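Here's a short tour of a protein chain for you to follow along with. Keep the model open and click on the residues as they come up.

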Amino acid sequence: QVQLVESGGGLVQAGGSLRLSCVASGSILEISAMGWYRRTPGNQRELVGTITSGGSTYFADPVKGRFTISTSSAKNTVYLQMNSLKSEDTAVYYCNAQGRTPHTRFDSWGQGTQVTVSS
């Protein structure tokens, strides 16, 4: 079983910055990709950005140029650096990780962390 725990959410003024962290733990053999998604009230969860084990990143258009993703040297922690935050970035942010345990593949989600941007 793989667990993901997010942290770093909170309240920030528009134009400010926040950094989210997500730590993966459990019987992990390999993490192939990690990413961040977000959900606003009344909307579906949407992709924010992803990073592969090789370091390739992808960002959704609304956050390009403002958000970056990185991982720890141990590759079990993913960070989302959010700069120039806007009110429309207000959402619950979820961490996702995909990979393999010794027995199976996994596609796991964190519990979510609230980000609120005040205008």
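Let's begin with Cys 22, which counts as buried because its relative accessibility is 0%. Keep in mind that you're looking at a predicted model.

**The disulfide**

- If you search the whole structure, you'll find one disulfide.
- What does this bond tie together? Cys 22 sits in strand β3 and Cys 95 in strand β9 (residues 91–100), so the link joins parts that are 73 residues apart in sequence.
- Cys 95 counts as buried too, since its relative accessibility is also 0%.
- Is the disulfide left-handed or right-handed? The torsion about the S-S bond is about -80°, so it's left-handed.

**The open sheet**

- Strand β3 also belongs to an open sheet of four strands, which run in the order β1-β3-β8-β7 with antiparallel pairing.
- Which strands stand at the edges? They are β1 (2–7) and β7 (67–71); each has a single partner strand, so one side of each is left without a neighbour in the sheet.
- On average, neighbouring strands of this sheet are turned by 15° against each other, if you ignore direction.
- Zoom in on β1 and strand β3 (residues 18–26), and you'll see an antiparallel pairing over six bridges.

**Rings and charges**

- When you look at a pair of aromatic rings, check the distance of the centres and the angle of the planes.
- How many aromatic pairs does the structure hold? There is one.
- The pair is made by Tyr 37 and Trp 109, and it's edge-to-face: 4.9 Å centre to centre, with 65° between the planes.
- Tyr 37 lies in strand β4 (residues 30–39) and Trp 109 in strand β10, so this pair ties together parts that are 72 residues apart in sequence.
- Is Trp 109 buried, exposed or partly exposed? Its relative accessibility is 35%, so it counts as partly exposed.
- Rings can have a charge over them as well: Arg 19 lies over the face of Tyr 79, at 4.2 Å from the ring centre.
- Over at Tyr 94, the charged end of Arg 45 sits over the ring, 5.0 Å from its centre.

**Ser 108, in strand β10**

- You'll find Ser 108 in strand β10, which covers residues 105–109.
- Ser 108 has a relative accessible area of 11%, so it's buried: the cut-off is under 20%.
- Which residues does Ser 108 touch? Leaving out residues up to four places away in sequence, it touches Val 2, Leu 4, Cys 95, Asn 96 and Ala 97.

**Thr 90, in a loop**

- Thr 90 is found in the loop between β8 (77–82) and β9.
- With a relative accessibility of 22%, Thr 90 counts as partly exposed.
- Setting aside neighbours within four places in sequence, Thr 90 is in contact with Thr 40, Gln 114, Val 115, Thr 116 and Val 117.
- Thr 90 and Leu 47 are 43 residues apart along the chain, and their C-alpha atoms are separated by 14 Å.

Note on methods: Residues numbered from 1 in each chain as written. Predicted model: local features only at pLDDT ≥ 70, side-chain atom pairs only at ≥ 80, totals over all residues. Heavy atoms only, no water. Helix = DSSP H or I, 4+ residues; strand = E, 2+ residues; numbered from the N terminus. Buried < 20%, exposed > 50% of the residue type's maximum accessible area, 1.4 Å probe, protein only. Contact = heavy atoms within 4.5 Å. Pairing = 2+ DSSP bridges. Axes fitted to C-alpha atoms, helices over the stretch in contact; angles between N-to-C directions. Phe/Tyr/Trp six-rings, centres within 6.5 Å; stacked < 30°, edge-to-face > 60°. Lys NZ or Arg CZ within 6 Å of the ring centre and 35° of its normal. Disulfide = S-S within 2.5 Å.
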